Amino acid sequence: MPAIECRGLSKYYGDVRGIEDVSFAVEDGEVFGFLGPNGAGKTTAIRTLLGFLSPTNGGATLLGHDATDPVESRRARERIGYLPGDPGLDRDRTAGAFLDHQAALRGESSRDRLVERFGLDESRRVGDLSRGNRQKVALVAAFIHDPDLLLLDEPTSGLDPLLQEEFASLVRERVDDGASVLLSSHVLGEVAALCDRVGVLREGHLVAVESVAELRSRGGKQVRVRVAEDVERGDFERRGIMNLRVGETVSFTWTGEYDALIDLLSGYTVRDLDVVDAPLEEAFMTFYDGDVPGPVGGERQRSEGTTPAETPADSTAASGGDTR
Amino acid sequence: MSDRATPWLAIARYDAAGRARGSLVLTGLLSAFLLLFLAFFPSLATADVDLDAYVEAFPPALREAFGIIAISSIEGFLAVEFYQFAWLLLVGLYLAYLAGGTIAGDVASGRMDLTLSAPVARRDVVIGRFLGLVPLVVLLNVALPVVAYVGVLAVGETIAVGRLLAVHALAVPYHLTCVGLGLAVSTLVSRPGVAQRVALGALFALFMFESLVANTEFSAAADLSPTAHYDPSAVLVLGEYDLAGAATLTAAAAVLVALAVVRFRLADLSG
């Protein structure tokens, strides 16, 4: 039984699309990442799964319970931990009072352990805490009852790197104990570090589901080469080459086989050569560049000068709506 | 999972605890207000003017609005100067305003997301938020009769204790109806600030409506207003206890809470 099964889930706000026809499954014990820019529908998907929004179409199960049925959903929520992107905490109550309340609603098998682990001072008013410490309070609330399924919406926004690391190990420990996780983020590194598989959301559509390993291989290699000869841009414009820059050194992203690269370079006197894994961002950007391309498919747009940095921003603008 | 509490009770308790300080401050302020008016009474009572004749000259609508029957006795004085104004109007409006901010405020701030991600039914949230305001209603109606009694003695007067207790006992269903009205509005209007003002405005409009139509051929329509079913002056001055009114108000409060539950169950949390 998958921890989450989403079947053709759609949510419209009037005429505005939140998500459309989203289908995926999070297997038992899996960490699944929702990746996409702001406005892509990540939050809408999670809030629809939790029953805060009623779907326009489609359905979902959480831990085997029908997420669209209030009674069934409540049963599932006994074993769910949720961390919203911007947790609504009562600023004028103490952290302790808030956690008392959360414990009363959810149970508190791990409360003391978590409070100690994050070094929380429960006597302080939530409003007096720093943003990072407020996020800690919300984290404790999400994990307080040792949930079997965690829905984490942009969990590390506002956390410093040390705390991000602590958060990551907390997630891994829960997963080792058998929990499943759905985590949304627009930060690739975070997703790559924690997730087994990634679903890429764009303008409300789930455009791809891939393992992190696949996503990495999609990124190809970053090649920087300096040759003795004078080179023209046209010499390197061929299949498998993206993000081409020709100057003192020639740099590009190579998405083909090594042999073909060696063949290409054998025609020159190579003075210097540097081949490294392309950052995951490169692979990610391919999803925001028209249709979902294969390693070569993105070439046309790339050579027309679309820079990776522009592309997701355009997607955000085009999605035209609040994530919620 | 046996360490979980009953959700509506947990929500009510948390809500009430968060209001504890505010409730005490409000009780203190209203007590001070009451004592201030009581301090005026001796000089008023000994003054060489016929106050009852004076208020008799008021237009009927004004007398109706402020429940003015007689003002020269301590009961009449308290009814006009304090209960008609502070208890019926001020506290009623404030409770509607507070309740107006509950559900809408939680949804807008994202607090509702956290609450409903726990195994909590939406019905539990509405009922919990309603019950969370009950301690304030009870505190006001338990503390103020004591303050009023002591205050009356302090200015050298006496007051019918039964009537004083009754004016507060009968205020409870009225105040709960005000809370119910605010709660229902809070599930209908998504912006908390607007919900608060709509709740307050609705109650005030109903009060005005009741006052205006009371002595006309449409007087039956005045029954629509909660304020028509709680008359502090009749209780204090005439000793008339409107138990049917109290029952009507209790039923109205229940209907308003039920309405809020039905409405909130269907709502998308706009977030």
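# Questions on chains A and B

User: Which residues does B:Ile68 contact, leaving aside its neighbours within four places in sequence?
Analyst: Two residues are in contact if their C-beta atoms, placed from the backbone, lie within 7 Å. Leave aside the neighbours within four places in sequence, and the partners of B:Ile68 are B:Val55, B:Phe58, B:Arg63, B:Val80 and B:Ser233.

User: What kind of model is this?
Analyst: Residues are numbered from 1 along each chain as its sequence is written, and chains are lettered from A and ligands numbered from 1 in the order in which they are written. Local features need pLDDT of at least 70, side-chain atom pairs count only at pLDDT 80 or more, and totals for chains, interfaces and linings use all residues, for the model is predicted.

User: Is B:Ile68 buried or exposed?
Analyst: B:Ile68 sits in the loop between helix H3 (60-65) and H4 of chain B. Helices (H or I, at least four residues) and strands (E, at least two) are DSSP runs, numbered from the N terminus. A residue is buried if 20 or more other C-beta atoms lie within 10 Å of its own, exposed if 12 or fewer, and partly exposed in between, with C-beta atoms placed from the backbone. B:Ile68 has 20 other C-beta atoms within 10 Å, so the residue is buried.

User: How far apart are the C-alpha atoms of B:Ile68 and B:Ala104?
Analyst: Along the chain, B:Ile68 and B:Ala104 are 36 residues apart.

User: How many helices does chain B have?
Analyst: From the N terminus on, the elements run α-α-α-α-α-α-α-α-α-α-α-α. Chain B has zero strands, and its helices number 12.

User: How far apart are the end C-alpha atoms of residues 85-109 of chain B?
Analyst: An unreviewed UniProt entry places "transmembrane region" at several spans of chain B, including 85-109 and 164-186. UniProt positions follow the numbering used here, feature names are shortened, and annotations may be inferred rather than shown by experiment. Residues 164-186 are 96% helix and 0% strand, with end C-alpha atoms 33 Å apart. Residues 85-109 are 96% helix and 0% strand, and their end C-alpha atoms are separated by 33 Å.

User: What is the radius of gyration of chain B?
Analyst: This radius is taken over C-alpha atoms, and the globule rule is 2.2 Å times the number of residues to the power 0.38. With 271 residues, a compact globule would come near 18 Å, which agrees with the chain B value of 20 Å.

User: Which element gives the most to the side of chain A that touches chain B?
Analyst: The contact takes 26 residues from chain A and 24 residues from chain B. On the chain A side, helix H2 (70-77), strand S6 (80-83) and helix H3 (95-106) each supply at least two residues. The most, five residues, comes from H3(A).

User: What phi does A:Glu203 have?
Analyst: Most residues other than glycine have a negative phi. A:Glu203 lies in the loop between strand S9 (197-202) and strand S10 (205-211) of chain A. A:Glu203 is not a glycine, yet its phi is positive, at about 50°.
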